[in-house]
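Dear colleague,

Please read them with the model open beside you.

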Amino acid sequence: MLRTSKAQELYDKTSKFYNPRYRRIQFNKYNIALNDQILDGDILDLGSGTGLLSEFLGRQIHQVDISKGMLLFGKGRRVQADIENLPFKTDRFDYVLSFSALMNAENPEGAIKEVKRVLKPEGIFIVTYLKSFDFSDTLKRYFKLIDMRSCGEDVCFILKN
Ligand SMILES: C[S@@+](CC[C@H](N)C(=O)[O-])C[C@H]1O[C@@H](n2cnc3c(N)ncnc32)[C@H](O)[C@@H]1O
């Protein structure tokens, strides 16, 4: 059973206001992070929230979030789970994308290790998080750095497995 976390409680409460408040801000991040990506193959969105990324891409992707309230606003393949314990087999995805969620994990390194596990060899991990956090050393310990860019209030890393 999923333990109730602070993030889950917080996002369950704010889910109703999330899209009007953050759609434009998050779409701007997706544009900056993904404008040069082909994104073919299976995609996992970690900390998917209300499914704005799926809406932006105009396609079905696998979505994981800890907040049922946020997931209820989405469409398609949604699973309530903790990004530190993913219900997917090893080497499953071509891309793992995660926007503005990693800094909410209780153990960010645990989440990064889970991404490594579910990503195919040579798979791509694109992650953003608030600039006031710094997971760069941990990310570079597990993945090859391809690019790093400023994404509004977030920093964005493009990494290869
Ligand atoms: C700022 S929102 C970003 C949502 C979405 N990625 C977007 O671009 O709009 C952060 C999301 O991360 C989720 N989250 C926080 N901690 C999590 C965890 N440990 N496991 C799964 N999801 C988590 C929250 O429930 C919330 O939906």
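In helix H4 (residues 108-118), the buried residues are Pro108, Gly110, Ala111, Ile112, Glu114, Val115 and Val118, where buried means under 20% relative accessible area, exposed over 50% and partly exposed in between, with a 1.4 Å probe and protein chains only. These buried residues pack against strand E1 (43-46), strand E4 (93-99), strand E5 (119-130) and helix H5 (136-142); helices (H or I, at least four residues) and strands (E, at least two) are DSSP runs numbered from the N terminus, and contact means heavy atoms within 4.5 Å.

This is a predicted model, in which local features need pLDDT of at least 70 and side-chain atom pairs count only at pLDDT 80 or more, while totals for chains, interfaces and linings use all residues. Residues are numbered from 1 along each chain as its sequence is written, and side-chain values use heavy atoms, with hydrogens and water left out.

Helix H5 holds Leu139, which counts as buried because its relative accessibility is 0%; leaving aside residues up to four places away in sequence, Leu139 touches Ile112, Phe125, Val127, Tyr129, Phe157 and Leu159. Ser136 is also found in helix H5 and counts as buried, at 12% relative accessibility.

Best regards
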